[in-house]
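Let's walk through this one together, a question at a time. Keep the picture open while you read.

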Amino acid sequence: MAQALYGLGRDGFANAAINWTSDTINVALVGAGYTANMATDQWWSTPAANVIGVPVALTSKSSALGVCNAANVTFAAISTGSTITQIVIYKSTGVAGTSLLIAREDVTSTPTNGGTITLTWDSGANKIFQL
């Protein structure tokens with residue numbers, strides 16, 4: 001899996017525009033129609049057209065020494081007929097054009113079948129990601 005932080009998302013952390021533990025941070029399942037530009041993509045409005053299901057807010061968020069973590073996430077009853085190829089994490093303001101992209105990760109192509117999908121974060125040293 002390829003994992004990366006958006007450049008402008010890193011700026012958001014550096015400029016206090018993102019507070020991992022107190023802001024609403026969402027994760028979304030995204031299809032292959034979204035081709036990320038990690039240097040220039042900034043807002044959730046860019047990948048939003050390719051979202052599969054409904055984004056979910058992260059809970060039990062924590063950070064230590066720049067390592068960001070949260071509880072595992074469950075997406076219930078994802079409609080049949082799509083293929084998930086990546087996940088995108090972003091700070092949600094409730095407005096797609098002002099919700100700052102944070103990170104994306106390639107995942108094994110997963111066809112949807114109406115069932116539940118659970119994201120289990122890495123239990124290693126870097127958890128969801130490390131700044």
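Q: Leaving aside its neighbours within four places in sequence, which residues is Trp 121 in contact with?
A: Keep in mind that this is a predicted model. Contact here means heavy atoms within 4.5 Å, and close sequence neighbours are set aside. What's left is Val 27, Leu 58, Asn 69, Ala 70, Ala 71, Asn 72, Val 73, Ile 87, Ile 89 and Ile 128.

Q: In the largest nonpolar core, which residues touch the most other members?
A: That core has 25 residues. Strands S2 (25-30), S6 (73-75), S7 (83-91), S8 (101-111) and S9 (117-119) each supply at least two of its residues. Another core, of 8 residues, lies apart from it and includes Tyr 6 and Tyr 90. Back in the 25-residue core, the ones touching the most other members are Trp 20, Ile 102 and Trp 121.

Q: Which strands do the buried residues of H1 pack against?
A: Helix H1 covers residues 7-14, and Gly 7, Gly 9, Gly 12 and Phe 13 are buried there. Just past H1, Ala 16 has a positive phi of about 65°. As for the packing, the buried residues of H1 sit against S1 (3-5), S8 and S10 (129-130).

Q: Why do S4 and S10 each have one side left without a neighbour in the sheet?
A: The open sheet has 3 strands in the order S4-S5-S10, paired antiparallel. S5 (residues 67-69) pairs with S10 over 2 bridges, and Val 67 stands opposite Gln 130 in S10. S4 (62-64) and S10 stand at the edges, so each has a single partner strand.

Note on methods: Residues numbered from 1 in each chain as written. Predicted model: local features only at pLDDT ≥ 70, side-chain atom pairs only at ≥ 80, totals over all residues. Heavy atoms only, no water. Core = buried A, V, L, I, M, F, W, Y, C linked by side-chain atoms within 4.5 Å. Buried < 20%, exposed > 50% of the residue type's maximum accessible area, 1.4 Å probe, protein only. Helix = DSSP H or I, 4+ residues; strand = E, 2+ residues; numbered from the N terminus. Pairing = 2+ DSSP bridges.
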